[in-house]
Each structure stands twice: as structure tokens, then as C-alpha cells.
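Keep the viewer open while you read.

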Amino acid sequence: MIIIREKNVSFKIAVLFLAFTVVFTLFRSSMSGIFSLFYAKNGIESASISSIKSFQNIGIMVGLLPAGYLADKIGRLKVLTLSSLIIATSFLILILFRSFLVFSLAELLYGIGLALNSGTLVSYITDLQEQNKIAPDSKLMGIQVIVLNLTTLVGGNIGTWLFEIKDTAPIWFAMVGLAIYPLFIFITVKYLSFSDNKAIDQVQKQRGYNLRSIISFFWKKNFWILLLLNVGYDCGTQFILIYWSIIYVEKLGFNLSLIYTLFMCALILGSVIYSRVSTLLNVKNITLINTVCMIFMFVLSGIVKLSNFLCK
């Protein structure tokens, strides 16, 4: 009887985990492929779009600071609710106002919302497993990654399809979906007979952190090396994420849905390849190969753009 109960609870936790992942990702990802195109269509120059998108990274840094504390203080599900409402608010701002400053504010709020969501759902699921004395399931995490990628692919295609109808249509879709996401959380948790959770011993948890250990961390040489590598790498990836839609869709005239689908399929394929080669190669070699592939992609993008210009 105990084994049957554990299986039932484990199944309910898996359903909750995947359902929350699907709903949130579906609506959030509908904006993935059209952010830059939306800004360009509303009079923002290409050179200024990267400035606007940089506020998303600032928002992520700002949001990560209180995310863990709030999750322990008020509960994981309340933070998930707050996250979706903040992102929905950022999309509402995009609809109501059209200027550089307002777009930057929307990106800032969007980043804060993403930061509050990041890791919170996994923490909630882990807590549920610990409370019910269920061992963490690595297969469930693997399924969640697959579901996440597939839902991103579907949501992004919905967004690109809606954008071709009207530039604000995917924003409305994402905003309404994320606005009702808290209701979905409430209904699902009640139906599966779960509840919100907080840190069991917040004082004991805080004892593990002190100012001295934090300061000593910043004196480590490896920290600054990794930070510089991450900054350089992030500059390259941000170029892709920000300008791929403008280069291939607006400048070269490719179909938005097709390009986005190929983009996401390549991302999924890359994840599969990484899982295969990560056991054969060390991190340095994988990073080097990935960097070479990105540089090769930049060169090919320039060749395609040049060829298109010469043909005209």
C-alpha cells in the first residue's frame, strides 16, 4: 500500500511539474521570435534594439537577488504567481506605450519576472518530493527539458503566426495567458491536493551565508576568468538572439515561422548532441567547439547577406 501511495504521489508531482512548465512556457515563448521585429516595426533603429534588450539582463540580475528569499519567506507558488503577473504587466506596457524608454522599462520588468520564475518551480517540486519522502527523479528532469523545448517551439510558432496578422496579437496572447496562469496554479494545486511551501528552518539556512564568505568568493582568480569568458560569450549569443529575426526576416525576406522553427530545432538538436558528447569531451573542448561553430555561423550570415545584396 505504501509503494502504491508513493507512485500515486510521484505521478501527481510529475503531472504538476510538466503542466506548470507547459502553460508558462507556451505563453512566454510566444514572444521569443518577435521582440526585435516588434521594436523595429515601431520605429526603433536596429542599433538601439540591443540597448533595449540589455535592460532584460539588468532585470534578471535585479530579480535574482530577492528570488530565493521571497520563495522562502512567502512560498514558492506565490513567487511563481508574482513572476507571471510581472511579465504580463511588461507586455501590457508594450501595448499601451511605444517609445525607447517604455520599451526599456518593459524589458526590465520582463527580466525581473524571468528571474523570479527561474529555479522556483524546480525548488517547489524538490520540496514536494522531500516532504513525501520520494527520491528525485532524473528521468522527470529529462522529460521536463524535452517538454520545455517542444513547448517553446510551439509557442514561438503561435507568436510568429499571430505577428503576421497584427504586431500586437502575440503580445495580447502572451499577456492574457500569463495573467490567468496564477488561476491555473491555484486550481491545479487544489485538484492535486498539494499546498504552497516555505523554508523549513529559515534561520538555520541563513547561517550558511556570511559577509566574509561572499567577499572571499570575489577574490578568487577563477571567478574573474569565468566572468570574463561568460561576458564575451554572452555578447556573441545576445547578437544572435536579438538580431536573427531582423537579419533573416526583415532584411533577407525569409519566412518568420520557418526561420524560428529551424532555430528551435537546431537548439533541440544541440541539446541532444551535448548530452552525447558531454561524456566524451571535457567542458573546455565543448566550449571551444561551440565557439568555433558560432563564429562559423557569423561568417555564413555575412556571406548570405552579401550574396543577397549582390543578386539585387
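This is a predicted model: local features need pLDDT of at least 70, side-chain atom pairs count only at pLDDT 80 or more; totals for chains, interfaces and linings use all residues.

The points below go from the inside of the model to its salt bridges and then to its surface.

1. Start with the largest nonpolar core, which has 59 residues. Phe 20, Tyr 39, Phe 91 and Leu 94 are the ones that touch the most other members. Helix 1 (residues 2-29) gives this core its largest share, nine residues.

2. Leaving aside residues up to four places away in sequence, Phe 91 touches Met 31, Phe 35, Tyr 110, Ile 171, Ala 174, Met 175 and Leu 178.

3. Now for the charges: how many salt bridges does a search of the whole structure find? It finds four. One of them joins Lys 53 to Glu 107, with the closest N and O atoms 3.2 Å apart. Lys 53 sits in helix 3 (residues 46-74) and Glu 107 in helix 5 (residues 100-117), so this pair ties together parts that are 54 residues apart in sequence. Are these two buried or exposed? Both Lys 53 and Glu 107 are buried.

4. Asp 72 and Arg 76 also form a salt bridge, and here the closest N and O atoms are 3.0 Å apart. Asp 72 counts as buried because its relative accessible area is 12%, under the 20% cut-off. Arg 76 is buried too, at 6% relative accessibility. Look for Asp 127 as well: a network of salt bridges links Asp 72, Arg 76 and Asp 127.

5. Then there is Lys 78 with Asp 196, a salt bridge whose closest N and O atoms are 3.4 Å apart. This pair links distant parts of the chain, 118 residues apart: Lys 78 is in helix 4 (residues 76-96), and Asp 196 is in the loop between helix 8 and helix 9 (202-206). Lys 78 is partly exposed, with a relative accessible area of 45%, and Asp 196 is partly exposed at 26%.

6. Last, the surface. Trp 172, Val 176, Ile 180, Leu 183, Phe 186 and Ile 187 make a nonpolar patch of about 610 Å². One of them, Ile 180, has its place in helix 8 (residues 169-191). Its relative accessibility is 47%, so Ile 180 counts as partly exposed. For background, nonpolar side chains in soluble globular proteins tend to be buried together.

Conventions
Residues are numbered from 1 along each chain as its sequence is written. Side-chain values use heavy atoms; hydrogens and water are left out. Patches are made of residues with over 30% relative accessible area and no salt bridge: like charges are joined within 9 Å, nonpolar side chains (Val, Leu, Ile, Met, Phe, Trp, Tyr) within 5 Å. Accessible areas come from the Shrake-Rupley method with a 1.4 Å probe; for residues, only the protein chains shown count as cover. A salt bridge is a side-chain nitrogen of Lys or Arg within 4 Å of a carboxyl oxygen of Asp or Glu. Helices (H or I, at least four residues) and strands (E, at least two) are DSSP runs, numbered from the N terminus. Buried means under 20% relative accessible area, exposed over 50%, partly exposed in between (1.4 Å probe, protein chains only). A nonpolar core is a set of buried Ala, Val, Leu, Ile, Met, Phe, Trp, Tyr and Cys residues joined through side-chain atoms within 4.5 Å. Contact means heavy atoms within 4.5 Å.
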